[in-house]
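Good morning, and thank you for making time for this presentation.

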Amino acid sequence: MISRSLPVDSDLIVARNVQLSLGTPPNRVDILHGIDLTVAAGDSVALLGASGSGKSSLMAVLAGLERPTGGEVRVAGLDFTALDEDALAVARRGRIGIVLQAFHLLPTMTALENVAVPLELAGEAGAFERARAELASVGLADRTGHYPTQLSGGEQQRVAIARAMVGEPGLLFADEPTGNLDTATGTAIMDMLFARHAARGATLFVITHDPALAARCARIVTLADGRIVADERV
């Protein structure tokens, strides 16, 4: 697991001259323009920017969900730009956890089943026992048998966090994780994410448009029009 095999000052993410365009001329849309970014293992980084600045697109590229049009992306020493889709899926497994604004829980599965899915897909033993323990760690020990529609928004996001963390990934992406929640619930969810980051030493990469949330990270990278315009330690 990345978090246990890399020292904190190792470069976990290295992006060089990353470009992303969608469509073909004359309707091509250029989204990312020559992004250079290095992130150390164990760091907490906020990617800050207005809607449409390219934050989620950059996250997708760094997480291996989107292939860049140009440039290079290396994660934990793996060249993501050289891997095909199947190899990328394998590379993400156990290394990268993702929490999204929309939760993306499977509606026909209980909370326990949703959290166990990544472990089952990876063929790991004890999937349900580990999923149960992970749900307990986010305060949902009594909600394991509930379906998403039976859970509040905050509870659903906690299930999503448990699902992202159950494989103990070394890299956790959170894309606007509080966007669908009220302020108090959103604050509680972020407290939980930062607590997991601190307890497990995972690198935390938070995508947000909220400067107050960004300030909770150790580093703020600001994006505008698909370019990094600021990069500072808090």
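Let me begin with a term: two strands are said to pair if DSSP finds at least two bridges between them. Please bear in mind that what you see is a predicted model. In strand S8, Leu 204 is the bridge partner of Leu 172. The two strands concerned, S7 (residues 171-175) and S8 (residues 203-208), run in the parallel sense and are joined over five bridges. In general, the strands of a sheet pair through backbone hydrogen bonds, in either a parallel or an antiparallel arrangement.

Now to the whole sheet. How many strands form it, and in what order? Six strands make up an open sheet, and the order is S6-S7-S8-S3-S9-S10, with mixed pairing. At the edges are S6 (96-100) and S10, each of which pairs on one side only. Direction ignored, neighbouring strands of this sheet are turned against each other by 15° on average.

Helix H7 lies across S3, S7 and S8 and runs at about 155° to S8.

At the other end of the strand order, S9 (residues 219-224) and S10 (residues 227-233) pair in the antiparallel sense over six bridges. Within this pair, Leu 223 stands opposite Ile 228 of S10. The two strands form a hairpin with two residues between them, and Asp 225 in the turn has a positive phi of about 50°.

I return to H7, and to its neighbour H6. How are the axes of H6 and H7 arranged? The axes of H6 and H7 (residues 183-200) come within 10 Å of each other and cross at roughly 15°. Angles under 35 degrees count as roughly parallel, and the two helices are therefore described as roughly parallel to each other. The crossing in which H6 passes H7 is right-handed. On the H6 side, Gly 154, Gln 157, Arg 158, Ile 161 and Met 165 take part, meeting Thr 185, Ile 189, Met 192, Leu 193, Arg 196 and Arg 200 of H7.

Beyond four places in sequence, Gln 156 touches Phe 103, Leu 105, Pro 148 and Leu 151.

Next, Thr 203, found in strand S8. Is Thr 203 buried or exposed? With 0% relative accessibility, Thr 203 counts as buried. The side chain of Thr 203 reaches the backbone nitrogen of Gly 42 at 2.7 Å. Sequence neighbours within four places aside, its contacts include Leu 12, Val 39, Asp 43, Gly 170 and Leu 172.

Finally, Asp 36, in strand S2 (residues 29-40). Asp 36 is partly exposed, because its relative accessibility is 47%. Its side chain reaches the backbone nitrogen of Asn 17 at 2.7 Å. Apart from residues up to four places away in sequence, Asp 36 touches Ala 15, Arg 16, Asn 17 and Ile 228. Between Asp 36 and Ile 207 there are 171 residues in sequence and 17 Å in space, C-alpha to C-alpha.

Technical notes
Residues numbered from 1 in each chain as written. Predicted model: local features only at pLDDT ≥ 70, side-chain atom pairs only at ≥ 80, totals over all residues. Heavy atoms only, no water. Helix = DSSP H or I, 4+ residues; strand = E, 2+ residues; numbered from the N terminus. Buried < 20%, exposed > 50% of the residue type's maximum accessible area, 1.4 Å probe, protein only. Contact = heavy atoms within 4.5 Å. Polar contact = N/O pair within 3.5 Å; in protein donor to acceptor, adjacent residues only side chain to side chain. Axes fitted to C-alpha atoms, helices over the stretch in contact; angles between N-to-C directions. Parallel < 35°, antiparallel > 145°, perpendicular 65-115°, else oblique. Left-handed = near helix turned anticlockwise from the far one by under 90°.
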